[in-house]
Amino acid sequence: MSVGRLIVRVVIGSLFVGHGAQKLFGWFGGSGLDGTDRVMAATQMYPVRPNSIAAGLTEAGCGALLVAGIATPAAAAGLIGVMTTAIRTVHGKNGPWNSNSGWEYNAVIIAALTALVDSGPGSPSFDAARGRVRSGPGWALGALIAGMAASTLATQLGRRNAPRSGEADEAVPSDAAA
């Protein structure tokens, strides 16, 4: 049994399921879709409601896949994309340190996910039970590149879809400017 990899999968995956539920439903002290919409608007991720839903579903869905050890490289790539987008839109400008709302935490998650893909999900996983473990440096690099590419695409599309000055984004609640 690969206890260390199981612990990494369960801890990281479960926290992402919870984080996605915060975005989507307001569970666990989250702000729900309206609050997530405000964050998306502030970070120029337009249209905000589809991006809010996509972020929440990616976190919850990929987190659940990671916990179960299903399609581990794809699950990791989705979460790497979310963390890369957080660095690009929120944390990157603050430097590395978490004490300044920097990107160190996001980078640790990205590194852990990449290492997990490299080593594989371990024997207590659906991937292993089905004989479909995809691991090794090529898969790890692929997950890292796919996640970063998805983040680049999402942030570029978000900025390109930003409303022009004077236009209101209908998906942002009216109290979003507050």
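Analyst: The expected span of a helix is 1.5 Å times one less than its number of residues, and helices are DSSP runs of H or I with at least four residues, numbered from the N terminus (strands are E, at least two). This is a predicted model, where local features need pLDDT of at least 70, side-chain atom pairs count only at 80 or more, and totals for chains, interfaces and linings use all residues. Residues are numbered from 1 along each chain as its sequence is written, and side-chain values use heavy atoms, leaving out hydrogens and water.

User: How do you know what span to expect for α7?

Analyst: Helix α7 (residues 137-160) has 24 residues, and the rule gives 34 Å. Its first and last C-alpha are 34 Å apart, close to that value.

User: What makes the protein as compact as a globular one of its length?

Analyst: It has seven helices and zero strands. The radius of gyration, taken over C-alpha atoms, is set against 2.2 Å times the number of residues to the power 0.38. For 178 residues that rule gives 16 Å and the protein has 17 Å, so it is as compact as a globular protein of that length.

User: Which residues of α7 are called buried?

Analyst: Buried means under 20% relative accessible area (exposed is over 50%, partly exposed in between; 1.4 Å probe, protein chains only). In α7, A140, A143, L144, G147, S151, T155 and G158 are buried. Across the protein, 39% of the 178 residues count as buried.

User: And what covers those buried residues of α7?

Analyst: The cover includes α4 (72-91) and α5 (104-119), with contact meaning heavy atoms within 4.5 Å.
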